[in-house]
Amino acid sequence: MKRIHKVAILGAGTMGARIAAHFANAGVPSFLLDIVPPDADGPARNKIAAAGLEAAKKSKPAAFFEPSLAQLITVGNFEDDLKRLADVDWIIEAVIENLDIKRSLLKKVEAIRKPGTIVTTNTSGLPVAKIAEGFSEDFRRSWFGTHFFNPPRYMRLLELIPTAEADRALIEAVAHFCDTQLGKGVVLAKDTPNFIGNRIGTFSVLNVIRLMQEMDMSIEDVDALTGQAVGWPRSATFRTIDLVGLDILGHVVSNMTENVRDERSDLRLPLFFQQMIERKWLGDKTKAGFYKKVKGGEGEEDARLGLDWKTLEYRPRQKTKFAALEMAKNVEETGARVRMLLGLEGAGPQKGDEAGAFLWAALSDLWTYSANRIPEISESVVEIDHAMRLGFNWELGPFELWDAAGVEATVARMKKEGHPVAANVEKLLASGQKFWYAEDPAAASGRKYWDLAASKWQRVDVPVGVWSVEVAKKSNGVVKKNAGASLVDLGEGVGCIQFHSKMNAIGADIISLITQSLKPGGPGENFDAFVITNDAQNFSVGANLMMLLMSVQEEEWDEIDLVIRQFQSMTQAIKFSAKPVVLAPFGLTLGGGCEMSLHAAARQPHAELYMGLVEVGVGLLPGGGGCKEMLLRAVDSASSIRPDGRGESVEMMEAMKKTFETIATAKVATSAHEARGLGFLCDSDRITMNRERVLFDAKARALELVRAGCRPPVMRTDIPAPGENILAALKMGVYLMRQGDFISDHEQKLGNKIAEVLCGGNVTSGTPVSEQYLLDLEREAFKSLCGEKKTQERIQYTLKTGKTLRN
């Protein structure tokens, strides 16, 4: 398989620069080239490419995992630096969507590139094959489409568009590289306008806007119905358009209306949308779109206004009142929630149910349109579903959602109401099948799909290494389970402890299962190693605050003491387990989740890791061993401790200041790279770029530790306490923050408590202390803060809003 070590991106606009940034995230150097400005000389000849790189450095959300990675990008221009293309393995064209401009530039590339060098286009609007018409045979064999979604770091979909002449080995090389090194979910798409994701997504948006106008609904109504209620992102329809940009959507729709002729070609962007573009109301980039944020007065939060699409005037956001939607919020499972909203259960559709009528129209049209696109844009339902999950962050693709709602029941209703029914779904039902997918424990994906062309079931193929806990459950089984967690057999002597509580909050069930599974003679006795991870969007939001608040309000101090001891016992069980424990964190890994990670023998994080000890946000400090572990890292990282054992070196002071700031300001890493810099990860911890490979890589790491004869550490009793001198310095810093009115009285008290625990109390610097001593300090400080009224207020605020309260 062709190796990719260096790349070039032609075009340093928003997309090109951010593609280069993501290659840098993967550790791959690149050339980023663009045109020479008129009359430019010297370094100014690279001005446009340099400006693109600077924009990527400043972009929000961040394009780079950490700023230093930008040094892997070398800027240049099309006149002086095209010769550098002879040194790269892959060239990506990302210039303006103009056929003549692309072909003219690529003719120059053709004369310079080495034979066999991969060349792809990031076009989203032009036919891929047409761009390279008339080029050399070697160029055409190495030419195909690679459509990245913006922003490339966060949007996991990569549509790979082969041409008839493209070398399949090169396509496979790019697919493998993008999967393993860039973390992409690769979907093969046909060379049709807007490919898969934008074809289905654009239809859905246009149809939703049409329905909003016909049913006289507000943008807030539509966003309430087209978000998490149906398993789509919280940003729903119009917030998503604001995030993407109205001009970008306008361009995609324009390409579709110019080049697509299908049964719904009548759909167009409405007049009010065109007027918004004319007024430069393009969304977040111009601070006004379908929503507009306005600054609040002194002491007030910022407000977000909503647009009245009929008058094009902004007014306070309206609250929607759909009774059905309120009832559906109590239903956890998406399929059951959608069936309830569509009136497919119980008494059926209710008269006057505006929410149900809207969603039925939107979803039934989506299902029919998607089914009619096979085989036009895709050979099967699998690629369409995969594209919509990865490119639009849908929980379920159109056909998966159709299965969840019930194919037979929905088709019967379509016929009853006189709606058109796709020939492909008629074909499915005529074959005696009632679903697009079915379980297949023998498949690596755990699923099979109905192949319309072959009229038979086919396995859903996934690349080797793409795996999930749910698939492992079906193939290997569950050893032990309670309401909050399961012990799953991963095979080869590795067990997986999976969380499945709400938001993976850590409560008594999770604590109990981990502690039991890791102890000798427990349910994990027959395993040689363990992985702690799960399939959710986030690893864990931390401890179960609701249970803690109830105990605090009842003043059950003995119960609180017991809970903290149990949490600490669990983290110590992870650290001192006779069998290695690999923790595989991803997404939000906060508070107690972070503390668990700190205690593992190794970590195998996903690159997109948002990890931090955030307990101060609710008026507490890390009480499950987090302070202890961060202190140990500080002590071990200090390059010199005075020979007399007094931990007062400059290095020690700097390490302690960094550790204190990390905990006291609740710093949250925004990538695994940042987490390493904050001390949450070790240099030996390896990072997985593809979320779907985390479990496989974590198991491999666990087996590696077993083969290496990994043994648990011995509990330390000789930790040199930073002690009174560093404690005094930290407290002085806290005092000055209070004097400057940067923090409140409560925060001053909180900061002092953190300093006392981290320094091992007010003892002589260098005094040997044990890990258990530090755990006891943590527990007592945690309990004392629980009794503070301000702490209770903060916990209540967080439970109510999902946010933390300052001051």
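Select Arg779 and Asp561 to begin, and in this predicted model you will find their side chains joined in a salt bridge, with 3.4 Å from N to O. Arg779 belongs to helix α30 (residues 771-786) and Asp561 to helix α22 (residues 557-575), so this contact ties together parts of the chain that are 218 residues apart in sequence. Colouring by accessibility shows that Arg779 is buried, its relative accessible area being 4%, and that Asp561 also counts as buried, at 12%. Now extend the selection to Arg565, Asp776, Glu780 and Lys783, which salt bridges with shared partners join to Asp561 and Arg779 in one network.

Next, move to Arg199 and Glu376, whose salt bridge brings the closest N and O atoms to 2.8 Å apart. Arg199 sits in helix α7 (residues 197-214), while Glu376 sits in the loop between α14 (354-372) and α15 (381-392), so the pair connects parts that are 177 residues apart in sequence. Arg199 has 0% relative accessibility and counts as buried, whereas Glu376 is partly exposed, with a relative accessible area of 32%.

Then select Lys310 and Asp216, a salt bridge in which the closest N and O atoms are 2.5 Å apart. Here the link runs from the loop between β10 (303-308) and β11 (313-316), which holds Lys310, to the loop between α7 and α8 (219-225), which holds Asp216, and the two residues are 94 residues apart. Lys310 is exposed, at 52% relative accessible area, and Asp216 is partly exposed, at 49%.

To close the tour, zoom out to the whole structure, in which a search finds 57 salt bridges.

Technical notes:
Residues are numbered from 1 along each chain as its sequence is written. This is a predicted model: local features need pLDDT of at least 70, side-chain atom pairs count only at pLDDT 80 or more; totals for chains, interfaces and linings use all residues. Side-chain values use heavy atoms; hydrogens and water are left out. A salt bridge is a side-chain nitrogen of Lys or Arg within 4 Å of a carboxyl oxygen of Asp or Glu. Helices (H or I, at least four residues) and strands (E, at least two) are DSSP runs, numbered from the N terminus. Buried means under 20% relative accessible area, exposed over 50%, partly exposed in between (1.4 Å probe, protein chains only).
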